[in-house]
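Biologist: I would like to learn how to read a few local features in a model. Can we begin with burial and then turn to the backbone?

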Amino acid sequence: MEYPGTHFTRPIRVALLITLIVLFLIIAPLLIMYTAGYRYDWKNGLLKETGAINIDLEPKTAVVYLNNVKLQDKIPVRLNNIIPAKYNVRVTSPDHFDWNKEIEVKNKQTNYVKEISLLKKNKPEILIAGDITNFAVSFDGQFIIYTTKKNNTTEIWLWDNNSKQTNNLIPLSGNTKPNIIWAEKNNYAIITDSAIPYSQIKIINASEPLKQIDLTKENASINKLQWANTTEPQLYYSTKENIFSYSPITQTSQNITANKYTDWHMENGQLWTMLINSSTQDYLITKDTLGFSKIIKQIKNNEIKIVIDGDPKEPETKIGFATAQQNTALLRTNISGRMLLVNNNATLPMQVSKFLVSKYNNWWLMWSDWELWSYNDNENPYLLNRSGEHLTDTMPLDQYNTLALVWADKVTALFPYYSVSHDLINEKISNPIADTDNKVLYFISNNKNQDKNSNGIWKLSY
């Protein structure tokens with residue numbers, strides 16, 4: 001039968017209907033699988049589930065390449081339904097170091113490239129010229145206290161980065177290298193000699209540098225000092241008999257408690273203490289001793305000797321606080337290159353000699369000449385880097401904990417979460433300090449090929 005004005009006979013209509021049904025049965029599953037994240041791998045002739053790549057970093061004007069193909073998307077970049085494989089991601093921006101990483105996309109997984117700030121390509125420039133022996137930078141990067149030697153006197157200077165002015169502070173007598181300790185959240189600093197008990201302690205307010213406080217005039221035999229982590233200046237110190245708090249603004253001391261402890265550390269107003277049992281020689285580590293008094297760990301003396309020395313018959317091992325945060329303490333020992341990481345669960349020996357706690361996420365860094373370890377509270381230490389080169393220093397460069405690794409003859413930057421690195425400085429330096437807010441790395445150059453006019457404090461804007 002054929003309808004008037006048409007050429008569709010019944011067989012043709014049946015064939016067309018069957019064709020449409022077949023196409024529906026083929027296309028509908030394909031659409032469903034496509035929306036579910038499946039793609040056909042033409043190279044290998046397989047149907048595969050897909051993954052995704054999300055890229056969000058600074059600067060937002062950076063350009064992203066995937067396998068050397070420029071992406072048109074602006075940052076942040078969202079690449080969905082990517083066939084599982086290994087891809088090279090390269091991020092570029094004018095006057096910045098390229099960021100390169102091979103990432104592997106897997107089924108139903110999203111690869112995140114985030115919390116990264118590309119580092120600028122700049123050359124170091126000298127900031128303060130002179131034969132400088134030591135320096136330290138204030139918490140906000142505005143002030144630098146540095147020292148020079150003249151005859152038998154250590155001269156101390158205050159540099160203002162804003163006004164570019166220098167003030168000569170009260171000198172310290174003797175040949176010892178002074179310690180400069182800035183407060184964490186204000187522009188007050190302590191300058192001491194290196195002897196303990198301290199014979200000289202000066203407190204400096206960078207805003208009024210001529211009004212200096214000599215703490216040793218009022219207190220004899222001070223053996224430990226620590227700034228409080230507060231915006232208002234507050235200092236903790238101890239003598240053989242007592243532990244005190246001190247206000248540089250009012251210039252008054254307050255007795256906190258009798259000093260019956262082997263050592264102490266102050267964390268956010270909570271007093272950590274270490275007490276040794278005179279009969280068993282065991283150590284008791286207590287947090288918030290004057291408050292809720294939580295025992296973190298009791299360490300047997302023999303345990304310390306075995307852990308540190310490997311032989312309980314070795315001479316007595318002495319320990320003290322390096323730092324303490326949350327429920328973990330890092331303890332110094334009198335054995336070179338040996339420290340103890342102590343928490344509720346374990347006493348962990350660490351073959352490290354230096355440490356730093358990042359102000360970002362309370363991330364711990366501990367290192368020796370050959371290894372760099374990281375630690376977060378209640379987790380196991382993690383080996384970030386091992387090298388045959390000589391690692392002298394490390395420090396965060398930004399809020400994402402990008403690290404500067406200072407080696408014997410160069411400085412490299414490491415993005416630790418991605419194992420990506422590149423060189424920042426190709427020469428030997430000392431006394432590196434990173435101002436993470438203003439992204440400036442300060443250092444003293446040890447390049448012997450430079451002339452005397454290059455002696456002093458250098459800065460690298462990154």
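Modeller: This is a predicted model. Ser-368 has a relative accessible area of 13%, under the 20% cut-off, so Ser-368 counts as buried.

Biologist: Where is Ser-368, and which residues does Ser-368 touch?

Modeller: Ser-368 sits in the loop between strand 32 (364-367) and strand 33 (371-375). Leaving aside residues up to four places away in sequence, Ser-368 touches Gln-351, Val-352, Ser-353 and Leu-391.

Biologist: How many residues does the largest nonpolar core have?

Modeller: As a general idea, nonpolar side chains in soluble globular proteins tend to be buried together. Here the largest nonpolar core has 39 residues, and Trp-99 and Leu-424 have the most contacts inside it. Apart from that core lies another, of 15 residues, including Ile-201 and Leu-215. Among the residues that Trp-99 touches beyond four places in sequence are Val-113, Ile-116, Phe-415 and Tyr-418.

Biologist: Now the backbone. Which peptide bond from Glu-58 is cis?

Modeller: The bond from Glu-58 to Pro-59 is cis, with omega near 0°. Pro-59 belongs to the loop between strand 3 (51-58) and strand 4 (63-66). Ile-75 and Pro-76 are also joined by a cis peptide bond, with omega about 5°. Pro-76 lies in the loop between strand 5 (69-70) and strand 6 (77-82).

Biologist: What is the phi of Glu-115?

Modeller: Phi of Glu-115 is near 55°, a positive value in a residue other than glycine. Glu-115 is in strand 9 (residues 110-117), and at 45% relative accessibility Glu-115 is partly exposed. Asn-362, not a glycine either, has a positive phi of about 50°. Asn-362 is in the loop between strand 31 (354-357) and strand 32, and is partly exposed at 33%.

Conventions. Residues numbered from 1 in each chain as written. Predicted model: local features only at pLDDT ≥ 70, side-chain atom pairs only at ≥ 80, totals over all residues. Heavy atoms only, no water. Helix = DSSP H or I, 4+ residues; strand = E, 2+ residues; numbered from the N terminus. Buried < 20%, exposed > 50% of the residue type's maximum accessible area, 1.4 Å probe, protein only. Contact = heavy atoms within 4.5 Å. Core = buried A, V, L, I, M, F, W, Y, C linked by side-chain atoms within 4.5 Å.
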